[in-house]
Amino acid sequence: MYDLGVPIPSKKAHVVRNIKEVSQAQREKMLKDTEYSMFSFPADMLILDFLSDSGTSTMTDLQWAAIIHGDEAYGRNRGYYILLDAIRDTFERGNQPKKVINLILSGETNVDRLMNELYLNSFEGGFVNGGVHQLKRPNAFIVPQGRCAEYLLFSTIAPILKKKYPKKEFYIPNNGHFDTTEANIAAVGLHPVNFFSANLFEEFPIDKINLTNPFKGNMDIKGLKLFIEKEGEETIPLIYLTITNNTAAGQPVSMKNIKEVSEIARLHDIPLFLDACRYAENAYFIKEFEQGYHNKSIPTIVKELFSYVDGFTISFKKDGLANMGGGLFFKDKGVFHRKFSGDGDIGIHLKEKQISTFGNDSYGGLSGRDIMALAAGLYEVVKEPYLRERITQVRDFAKKLSQKGVPVVLPPGGHAIYLNIDKFFAGTDMKIEDFGGVGFTIELLRYYGIRACELGPFAFEWDNKSPKEREGILNFVRFAVPRNVYNTNHIDYAVAAITELYQNKEKIPKVKISRGAKLRLRHFQSGLLPLYK
Ligand code: F0G
């Protein structure tokens, strides 16, 4: 077969939604009345929405079909068992999934079989204990979102640490904490620290985009080692790796880096956790670009990835898994379990908190329908034709912008493209404290009905930080691409709009924070004012 240089389509639309015709005047009124906040603008009035890829993906027909099998029981809904085993399939079984979901989808009536293969599944030693082991040593916690898993984890371990070492400060290193992760860690008095890869801002030639990848999402190993030496291993309750690295322009992390970090963690007896949002997309990059992985299947790569870690938090709203869901999982009798179980089993502590804040362990704040969509989704998102088309769409978006001269981070990651805002405004009088990225998003919405998100001095609160802290603030506008939602027309419309604005960048207004500059996570809630000349 000839290589046409374009991906073979992997899916077709089954249901579509009409986009409303909205005038510029209507958008302007709405912008004004919502204090120019991207988060407060009604999605229904947009043409394209790149605010987030989280929970915004179109599900497949197989996921919708699974939903009808959802069971809304308060205790031990059938989807719970299916989901637990789908997690084992995904993260532990590689090419040998059991797919017990098919027992339910096919209407299996043999109750002995259901008991043996589903309800009495007695596992131990992995990420998901089964049967009585999950009752005695709980290690799998489903929750509504990724941030709930982060909250559950950090709000449970912080008091344990402080009781044991009342005078110590504790640090959580990451290759790039996501904003909610950072907030959840800081809220309980621990200190998040980032070790971005040194090559993050290195130039990358556009003609190499299909040939090689520098894995700019990696953790800076040298920095991590020095930090452990300086602060002491006992001050680091766990190390976190985010795949893909959303905060560092959505860049992937290599298997080599994960292995190296896991060796450091093992050496110091520190548990290593993944923030596993977008694991499938990260696995695709490893397959495409890392030596030795080209002929391996995505499920095998995922299995290897997770074999190096002791646990993970995950938002199931990413990777096209589902519209809602999150989770916390850790290895039965692993490092984390051992280190935090001094004062009673850590799993029991986590379960108590899960029940009192989100819901009992078998639904964790999700509906039975959500659980079924997610269980089916775990098998959908590792399909290679889907991943190839998905990653290629994002890559083409970046390529087209770059060819028009717009400064976009190259190569792009898997879920979004990021404009480099310092470069975007080079040659104008826009200064960092003028929030040019925010001005750009306002104009993009106002003229073209396209929503994107500033992840720079406004979101990361440049004005509220010390000169030292300011050094770590990146200046991006992110276009997160929802999965299975947009086609080439949509991308081309966005490219044309962004290019036109870039060519008129002198007219983009500086922006003032008109309300709530000191609010926590202010980019979700404060008011803004563009200063039109
Ligand atoms: N970790 C990463 C790397 C994320 O990207 C997100 C969410 C979370 C954790 C939290 O998960 O939203 O389910 O609570 N990222 C979304 C985004 C919101 O737009 O990048 P959540």
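Residues are called buried when their relative accessible area is under 20%, exposed when it is over 50%, and partly exposed in between (1.4 Å probe, protein chains only). Helices (H or I, at least four residues) and strands (E, at least two) are DSSP runs, numbered from the N terminus. The structure is a predicted model, in which local features need pLDDT of at least 70 and side-chain atom pairs count only at pLDDT 80 or more, while totals for chains, interfaces and linings use all residues. Residues are numbered from 1 along each chain as its sequence is written, and side-chain values use heavy atoms, with hydrogens and water left out.

Helix 9 spans residues 221-231, and its buried residues are Ile221, Gly223, Leu224, Phe227 and Ile228. These residues lie on the same side of helix 9 because they cover an arc of only 160° around the axis, the arc being that of the directions from the helix axis to the C-beta atoms. Exposed residues are carried on the face turned away from the buried side of helix 9, namely Lys222, Leu226, Glu229 and Lys230. The cover over the buried residues of helix 9 includes strand 3 (171-174), strand 4 (191-194), strand 5 (239-242) and helix 10 (255-267). Contact here means heavy atoms within 4.5 Å.

Both ends of helix 9 show local features. At its start, a side-chain oxygen of aspartate 220 comes to within 3.3 Å of the backbone nitrogen of lysine 222. A polar contact is a pair of N or O atoms within 3.5 Å; within protein, one must be able to donate a hydrogen and the other to accept it, and residues adjacent in sequence count only if both atoms are side-chain atoms. After helix 9 comes glycine 232, with a positive phi near 95°.

The loop between strand 4 and helix 9 contains asparagine 213. Asparagine 213 counts as buried because its relative accessibility is 9%. Its side chain reaches the backbone nitrogen of phenylalanine 215 at 2.7 Å. With neighbours within four places in sequence left aside, asparagine 213 is in contact with Pro252, Phe285, Phe289 and Pro411. Threonine 244 is placed in the loop between strand 5 and helix 10.

For serine 52, a side-chain N or O atom is 2.7 Å from a ligand oxygen. The corresponding distance from a polar side-chain atom to a ligand oxygen is 2.9 Å for glutamine 145 and 3.2 Å for lysine 318. On its own the ligand has 470 Å² of accessible area, and the protein covers 94% of it. Accessible areas come from the Shrake-Rupley method with a 1.4 Å probe; for residues, only the protein chains shown count as cover.

At the level of domains, the chain is divided into domain 1 (24-53 + 384-531) and domain 2 (65-145 + 323-382), with bounds from an automatic or database domain assignment. Their C-alpha centres lie 37 Å apart.

Leucine 84 is a residue of helix 3 and is buried, with a relative accessible area of 7%. Apart from neighbours within four places in sequence, leucine 84 is in contact with Val128, Asn129 and Ala140. A C-alpha separation of 9.6 Å is found between leucine 84 and serine 362, which are 278 residues apart along the chain.

Positive phi values also occur in residues other than glycine. Glutamate 35 has phi near 55° and lies in the loop between helix 1 (24-33) and strand 1 (48-49); with a relative accessible area of 30%, glutamate 35 is partly exposed. Arginine 76 has phi near 55° and lies in the loop between helix 2 (61-67) and helix 3 (78-92). Arginine 76 counts as partly exposed, at 28% relative accessibility.
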